[in-house]
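Hi everyone, thanks for making time this morning. Let me put the structure up on the screen, and then we can walk through it together.

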Amino acid sequence: MSRTVTVLSRANCHLCEVAEADVARICAELGVEWRTEDVDSDPELRAEYGDMVPVILIDGKQHGYYRVEEERFRTALTR
């Protein structure tokens, strides 16, 4: 099953940089597409997720926030 991962982040966010690096590494290993989206570029995203960045979405659904839980993330991408 093909999955799409989105990392909602913002500029100058250290936790976002760490999460993006983790997602990039894991997705590359698993052959999963991923992208980032600036939470501050969309008023709706900022209202919903602004205090929780980075937020990890899998197929548009919230998977986690602040940090990538690697084992849980891998499991979600491979089931």
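Let's begin with the rings: there is one aromatic pair in the structure. Tyr65 and Tyr66 make up that pair, in an edge-to-face arrangement, with 4.8 Å from centre to centre and 70 degrees between the planes. On the terms here, rings of Phe, Tyr and Trp (its six-membered ring) pair if their centres lie within 6.5 Å, and planes under 30 degrees apart are stacked, over 60 edge-to-face, and the rest tilted. Tyr65 is partly exposed at 40% relative accessible area, and Tyr66 is partly exposed at 37%. For the cut-offs, buried means under 20% relative accessible area, exposed means over 50%, and partly exposed is in between, with a 1.4 Å probe and protein chains only.

A quick word on what you are looking at. This is a predicted model, where local features need pLDDT of at least 70 and side-chain atom pairs count only at pLDDT 80 or more, while totals for chains, interfaces and linings use all residues. Residues are numbered from 1 along each chain as its sequence is written, and side-chain values use heavy atoms, leaving out hydrogens and water.

Now the cysteines. Which residues does the disulfide join? It links Cys13 to Cys16, with 2.4 Å from S to S; the criterion is a pair of cysteine sulfur atoms within 2.5 Å. The link of Cys13 and Cys16 is right-handed, with 75 degrees about the S-S bond. Cys13 is buried at 13% relative accessibility, and Cys16 is buried at 1%.

Cys27 is buried, with a relative accessible area of 1%. Leaving aside neighbours within four places in sequence, Cys27 is in contact (heavy atoms within 4.5 Å) with Val5, Val32, Trp34, Phe73 and Leu77.

That brings us to the core. The largest nonpolar core has 13 residues, and Cys27, Val5, Phe73 and Leu77 are among those with the most contacts inside it. By nonpolar core I mean a set of buried Ala, Val, Leu, Ile, Met, Phe, Trp, Tyr and Cys residues joined through side-chain atoms within 4.5 Å. Strand 1 (4-9), helix 1 (14-30), strand 3 and helix 3 (70-78) each supply at least two residues of this core. Helix 1 gives the most, with four residues. Helices here are DSSP runs of H or I with at least four residues, strands are runs of E with at least two, and both are numbered from the N terminus. Apart from this core lies another, of ten residues, including Leu8 and Cys16.

Four strands form an open sheet in the order 2-1-3-4, with mixed pairing; two strands pair if DSSP finds at least two bridges between them. The edge strands are strand 2 (33-38) and strand 4 (61-65), each pairing on one side only. Strand 1 and strand 3 pair in the antiparallel sense over four bridges, and the bridge partner of Leu8 in strand 3 is Val55.

Last stop, Leu57 in strand 3 (residues 55-58). Is Leu57 buried or exposed? Leu57 is buried, at 9% relative accessible area. Beyond four places in sequence, the residues Leu57 touches include Val5, Leu8 and Tyr49. Thanks, everyone!
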